[in-house]
Amino acid sequence: MSALTIKTLDGKTAKVPAEDIDALRAALRGSLSQPGDPDYDAARSLWNAMVDRRPALILRAAGAADVQRAVNFARDHGLLLAVRGGGHNIAGNAVCDGGLMLDLSPMKSVRVDPANRRARVEPGASLGDLDKETQAHGLALPTGINSTTGVAGLTLGGGFGWLTRKYGMTIDNLLSADVVTADGKFLRAAKDENPELFWALRGGGGNFGVVTSFEFALHPVGPEVLSGLIVHPLDRAPDLLKAYREIARKAPDELTCWVVMRKAPPLPFLPEAWHGREVLVFALCYCGDMAKGEKAVAELRALGDPIADVVGPHPFVGWQAAFDPLLEPGARNYWKSHDFEGLSDDAIAVLLKAIGKLPGPECEVFIAHVGGEMSRVAADATAYPQRSSHFIMNVHTRWREAAQDKACIGWARALFDAAAPYATGSVYVNFMPDDEADRVREGVYGPNYARLARAKAKYDSGNLFRMNQNIAPAS
Ligand SMILES: Cc1cc2nc3c(=O)[nH]c(=O)nc-3n(C[C@H](O)[C@H](O)[C@H](O)COP(=O)(O)OP(=O)(O)OC[C@H]3O[C@@H](n4cnc5c(N)ncnc54)[C@H](O)[C@@H]3O)c2cc1C
């Protein structure tokens, strides 16, 4: 290989000598690739097709030692560094233009210890990889609702899904993490070892180092859970949402019911006449005893006159992947998100007005139902502080052609602005696009920001890990 021009942390470029790159390559278990190499394009492609960046060099790590080599190489040469886990983050920080990309996706191992209900997970594993291993033992970790999402980025931001109301967020089940910090050291972070780093990792994103292994506590779940969709015409939404907010407020922790509003996709259980028309969908999961679940979901199922009700016992692994076909990589995506403590009549009216003007057949609004065990953790117990929200809205705009960018992004921003008076002002870091740096301090971390900035100064004073929703090191 000849010398390479690579982007540096100060936004300029440096010529990295060929012998340095050759020495790096020789030391790796994994591989290096450059533009034109066969695996280059696959490694730099992310879930969000809006992101099309070309790193000068991609290091595909095979283990923690490769991660140390990548971090040392980037730091010693002052290179811009991006870290990729599952490649799902909407902001696209897993890839950088002209810099060094550290791709962790080859590190996919998941090892379950069924007797102690624990799992060891490498940072390239997806939620589906994890579920398939844990469910072989009747166990599960609360994560998210799309099985191709990466465990790493989801965990570092917080992580919530169908099991969160019962068993807490993903971070609430993190027991320890192995981390390569900016100085190249390999540290274990846990309650009893490097506790400040452990605190910061649980919500602080990729700001503090590269996690090479996560250790999680697991819970007995499944193999089947009562789950499925109830689909209604959108014109019934005002009454349905008012009834829903009461049911959601008093729901047992085992029951989680999200709301999706969009144009109906051509799902096989929906009558053809409904395909492409606006619908409101209750997506629900009861993660406990099936008979108790039937009672718990009865009130929701009795609402209105649904177009379809496909709630029943489903394998947990299958339910975790139920939304995958609608969320495949390759589309253009832009998100805006708010947290809500409740859904007022006025907030509902704002949402429904926007759904009446959906800019495309794949655009949707998700309302995640949280609370329960997640809300019983103190705001300062982990870096993730927003424990009092009961609903998290994601305006998920999704389309195919660049010519639609303006209309779709404009629609998402207009809905976001109109809903702001009813929201808490806080936001989930993992739902933020790359143009929301101004929300990081107050919106994402609020009361925890100053402590995070001090931890950043301790573990990454040079801000090597800056391709993220960045926390500036305290001065
Ligand atoms: C379709 C879809 C559905 C989703 N559903 C949910 C949901 O139900 N619940 C939920 O909580 N979230 C959900 N998310 C959001 C998801 O949590 C974030 O997108 C998350 O960042 C994805 O992690 P990743 O590893 O795939 O992403 P990546 O883009 O690879 O990583 C995200 C960022 O994390 C950092 N990072 C990644 N790996 C490491 C590591 N090992 N060490 C240090 N830093 C690292 C990097 O800064 C990187 O830029 C969803 C996302 C998508 C696209």
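Which residue has a backbone N or O atom that lies 3.3 Å from an oxygen atom of the ligand? Select Met467 in this predicted model: a backbone N or O atom of Met467 is found at that distance, 3.3 Å, from a ligand oxygen atom. The tour begins at this contact.

**The ligand and its surroundings**

Keep the ligand displayed and select Phe160 next. A backbone N or O atom of Phe160 lies 2.7 Å from a nitrogen atom of the ligand. Then select Gly153, where a backbone N or O atom lies 3.0 Å from an oxygen atom of the ligand. On its own the ligand has 950 Å² of accessible area, and the protein covers 97% of that area.

Now display the whole shell. The ligand is surrounded by 35 residues, and the closest are Gly85, Gly86, Gly87, Phe160 and Tyr428. Colouring the shell by class shows 18 nonpolar residues, 16 polar residues and one charged residue.

To see which elements contribute, select strand E5 (81-84), helix H5 (151-157) and strand E12 (210-217); each supplies at least two residues of the shell around the ligand. Helix H5 provides the largest share, four residues.

Two neighbouring selections show how strand E15 is paired. Select strand E16, residues 278-286, which pairs with E15 in the antiparallel sense over nine bridges. Within this pairing, Val259 has Phe282 of E16 as its bridge partner. Then select strand E20, residues 364-369, which runs antiparallel to E15 and is joined to it by four bridges. Here the bridge partner of Met261 is Val365 in E20.

As a general point for viewing such elements, side chains in a regular strand alternate between the two faces of the sheet.

**The cysteines**

Finally, display the cysteine sulfur atoms. How many disulfides does a search of the whole structure find? The search finds zero. Select Cys257, which is in no disulfide; its nearest cysteine sulfur, that of Cys285, is 10 Å away. Cys257 counts as buried, because its relative accessibility is 3%.

Is Cys285 buried or exposed? Cys285 is buried, with a relative accessible area of 0%.

Conventions: Residues numbered from 1 in each chain as written. Predicted model: local features only at pLDDT ≥ 70, side-chain atom pairs only at ≥ 80, totals over all residues. Heavy atoms only, no water. Near = heavy atom within 4 Å. Polar contact = N/O pair within 3.5 Å; in protein donor to acceptor, adjacent residues only side chain to side chain. Areas by Shrake-Rupley, 256 points an atom, 1.4 Å probe, with all protein chains shown as cover. Nonpolar A, V, L, I, M, F, W, Y, C, P; charged D, E, K, R; others polar. Disulfide = S-S within 2.5 Å. Buried < 20%, exposed > 50% of the residue type's maximum accessible area, 1.4 Å probe, protein only. Pairing = 2+ DSSP bridges.
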